[in-house]
Amino acid sequence: MKKIIYAAMFFLVITMMCGNAEKAEAKSYKAGKFKYQYKNTKKGVWITKITPLSSKGISKLNIPAKIKGKKVVKLGNTKDKGTTDYTTLNLFGVRIGYYEEGGIYTPSNPKVHKRVAKIKKIRIPDSVVSITPSCFFDVQEGKEINIPKGVKKEVVNQFTRVKWKKVKISSKNKTYKLKSGCLLSKNGKILYGLVYKKKKLIVPKTVTEINTSDSRDTVENTMGDHGLAFFGCETIVISKNVEKINFYIYNCLLMKVEGDPANKYFASKDGSLYNKKNGKLIWLHQSDGIYNIPDGVKEIPYDFYADGKAKKMIIPASTKKVSNVSRYFSVKDAIIVCCGKEPPILTENKWLHFNEFDVMNFTIYVPKGCKETYEKAWKLEGEYVKFTFVEQ
């Protein structure tokens, strides 16, 4: 019996020690009107959360360079793995989730989010060398912020997603620099996106690659990290020196992309852009609800997302492959005009849509004498989409 009691007491002590160890790991520090939660690591202090303690006197956030004598080297939530499911919290413990009923974006912590809105300037100490992928996601626009010399990763996806009033990058940073609101690689050859709002962007002549991702493994005409790197921009002019483009098309279809006629790799028409070499569509512009795909486009390689009230698409005879274009539309009754006598090959066998309609109705106009050919090639009747082929 005594052995059982001693054993029980032993496990109780171990449990209490583990619990105390967990509590010891989560530390807090107060400076001014902000509370900092942090943990100690081998390299230094990792600030995991910053909470404004008041709604007044918080216009400036000077993140401390040291806490209790130890250097602050990292910022961001400990569970931040860069996920896109709106569950990862930012540095302030907030993330904006999407509620389908009413289509309203709501912050996970409205009180803190409202206080963060009053912060106009964020100062990151030079000691910081690392930030997590969602560290500054969902903070309000119009703030001032800096990027220290040692921060080399996770910059593009969050510093171009949020449009800032002012961004200052340390001249000693060997990875990034700014020019006319553009976030560039240090050598000026890669354009990552805009950190400020800008109606028209003329890509700097030094740029040979446009890549909206932090990844250095750029594959031509594949999706980048996000589609908000140029959000708010109305026109992008691609200079003649650009050789690679890694756009992720997402809710930016109202933006025009124009190419310099002297560019050997890319061509544009009516605001859309495609690859001259392989004919793949890179950017699709919507005008007055119509997608007029340029003649010369051979393939629509991946899904775009509807923006505005897209109602009609014109596919030229040059197009030989088509992906899930049903997702391009945001109306219940959509029109697709196919100009080629030979139906383009469908790269997806099931078309889906992501809007408020249970079923979308598509009227597909085809050249005279080609209705039966299209019906056999495009077996598209499904649960969520209905198709009617009409000769013209």
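Modeller: Let us begin with a definition: a charge sits over a ring if NZ of Lys or CZ of Arg is within 6 Å of the ring centre and within 35 degrees of the ring normal. Please keep in mind that this is a predicted model.

Biologist: What lies over the face of Trp-46?

Modeller: Lys-74 lies over the face of Trp-46, at 3.9 Å from the ring centre. The limit for the distance is 6 Å. The charged end of Lys-277 is also placed over a ring, that of Tyr-265, at 5.6 Å from its centre.

Biologist: Why is the pair of Tyr-265 and Phe-266 called tilted?

Modeller: The centres of Tyr-265 and Phe-266 are 6.4 Å apart and the planes make an angle of 45°. Rings pair if their centres lie within 6.5 Å, and planes under 30 degrees apart count as stacked, over 60 as edge-to-face and the rest as tilted. The pair of Tyr-265 and Phe-266 is therefore tilted. By this rule the count comes to 11 aromatic pairs. Tyr-291, Tyr-328, Phe-329, Phe-362 and Phe-387 form one aromatic cluster.

Biologist: How do you know whether Phe-266 is buried or exposed?

Modeller: Phe-266 has a relative accessible area of 1%. Buried means under 20% and exposed over 50%, with partly exposed in between, so Phe-266 is buried. Tyr-265, with 27%, is therefore partly exposed.

Biologist: What makes strands S21 and S22 a hairpin?

Modeller: Strand S21 (residues 266-269) and strand S22 (residues 272-275) pair in the antiparallel sense over 4 bridges. Two strands pair if there are at least two bridges between them, so S21 and S22 qualify as a pair. The hairpin has 2 residues between its strands, and Asp-270 in the turn has a positive phi of about 55°. Within the pairing, Ser-268 stands opposite Leu-273 in S22.

Biologist: How many residues does the largest nonpolar core have?

Modeller: That core has 40 residues, and those with the most contacts inside it are Ile-47, Leu-75, Phe-92 and Phe-136. A second, separate core of 31 residues includes Tyr-274, Ile-293, Val-297 and Met-360.

Methods. Residues numbered from 1 in each chain as written. Predicted model: local features only at pLDDT ≥ 70, side-chain atom pairs only at ≥ 80, totals over all residues. Heavy atoms only, no water. Phe/Tyr/Trp six-rings, centres within 6.5 Å; stacked < 30°, edge-to-face > 60°. Buried < 20%, exposed > 50% of the residue type's maximum accessible area, 1.4 Å probe, protein only. Core = buried A, V, L, I, M, F, W, Y, C linked by side-chain atoms within 4.5 Å.
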